[in-house]
Amino acid sequence: MFGPPVTVVGLGPMGRAMAAALLRAGHPVTVWNRTPGRAAGLVAEGAPLAPTPAAAVAAADLIILSLTDYQAMYDILGPVVTDRRHADALAGKVLVNLSSDTPDASREAATWAAGHRAAFVTGGVMVPAPIVGNPGAYVFYSGPQEAFRGHEPVLGLLGEPRYLGPDPGLAQLFYQANLAVFLTALSSLLHATSLVTAAGVPAAEFLPGAVGMLTGIPAMVGDGLELARELEAGKYPGDLSTALMMGATAEHIVRTSEKAGVDVELPKAVRSHYERAIAAGYGTRNWTALYEVVRATDG
């Protein structure tokens, strides 16, 4: 074994993948999970199973949390620090929370950790569990730079670390924003497949082409830099797919879905973006003008 010890709390698929990646790299890894049975495979690979959260915290200065949400962190670590025997258990530790929650929850957690003299780094893992520790994996991080840099080599074993800055909420913001794209795309795939299967077409005859549509989006919109410049400048030239044209298609998708008996909530939401953009006077502008109706407004 070599390298500093690490504790991993939370052994769902993601937590197990992270602990396994660290073990493969030779780090001593202590694990803890509410359901101890999930640790069996890792224990067989040499990871000690801590009997209590307090023992897990004591085993390493770097504690990686992979939980359902931030409340789970409080539920697990809160009783540790409120026990007078372990009141200083987090002092000097670095908590790297790779659980999903909101940016505000991350900021509140950082304040909570600081109150117990621990550094808090927020993370968002941007790949599924089987990709963790493999080429293509990357993770957003934010929080105190010194704490992050001090453990960057270890965190890099999980995936390429992408540090966003000292604000603890930034990693969650990027994580949730990217997942908004991902989850919407997944729902759209299932909705579209439902449309064709309702007509008796096998899913296998449709889905490969639909996935190709998703992967072809970069060819349609570029690498995002030019699109970002247009959005920031508020310029939506009507030289491509206009809101009127795309809005008509959005209406046709809703009507097709209704006729097929397929759930219409997703296409109605999309249609509403175009309806509002057109009502706001952007009908002859590019579809990118939808940004004006979905973005946050002052006041």
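The model is predicted. Its largest nonpolar core holds 33 residues. A nonpolar patch on the surface has about 460 Å² of accessible area together. Ser142 is buried, whereas Met220 is exposed.

**Nonpolar cores**
- Val31, Ile64, Val96, Leu98, Tyr141 and Leu158 touch the most other members of the largest core.
- Eight elements each supply at least two residues of this core: strands E1 (6-9), E2 (29-32), E3 (62-65), E4 (94-97), E5 (119-125) and E6 (138-142), with helices H1 (13-24) and H6 (145-155).
- Helix H1 gives the most, with seven residues.
- Val31 touches residues beyond four places away in sequence, among them Val8, Leu11, Ala19, Leu42 and Ala50.
- A second, separate core has 26 residues, including Ala50, Ala109, Ala110 and Ala113.

**Surface patch**
- Met213, Ile217, Met220, Val221 and Trp287 form the patch.
- Helix H9 (residues 217-221) provides the largest share, three residues.
- Met220 lies in helix H9.
- Met220 counts as exposed because its relative accessible area is 57%, and the cut-off is over 50%.

**Ser142**
- Ser142 is found in strand E6.
- Ser142 counts as buried because its relative accessible area is 0%, and the cut-off is under 20%.
- A polar atom of the Ser142 side chain lies 3.1 Å from the backbone oxygen of Pro168.
- The Ser142 side chain also reaches the backbone nitrogen of Ala171, at 3.0 Å.
- Pro168 and Ala171 are among the residues that Ser142 touches, as are Val121, Thr122, Tyr163 and Asp167.

Methods: Residues are numbered from 1 along each chain as its sequence is written. This is a predicted model: local features need pLDDT of at least 70, side-chain atom pairs count only at pLDDT 80 or more; totals for chains, interfaces and linings use all residues. Side-chain values use heavy atoms; hydrogens and water are left out. A nonpolar core is a set of buried Ala, Val, Leu, Ile, Met, Phe, Trp, Tyr and Cys residues joined through side-chain atoms within 4.5 Å. Buried means under 20% relative accessible area, exposed over 50%, partly exposed in between (1.4 Å probe, protein chains only). Helices (H or I, at least four residues) and strands (E, at least two) are DSSP runs, numbered from the N terminus. Contact means heavy atoms within 4.5 Å. Patches are made of residues with over 30% relative accessible area and no salt bridge: like charges are joined within 9 Å, nonpolar side chains (Val, Leu, Ile, Met, Phe, Trp, Tyr) within 5 Å. Accessible areas come from the Shrake-Rupley method with a 1.4 Å probe; for residues, only the protein chains shown count as cover. A salt bridge is a side-chain nitrogen of Lys or Arg within 4 Å of a carboxyl oxygen of Asp or Glu. A polar contact is a pair of N or O atoms within 3.5 Å; within protein, one must be able to donate a hydrogen and the other to accept it, and residues adjacent in sequence count only if both atoms are side-chain atoms.
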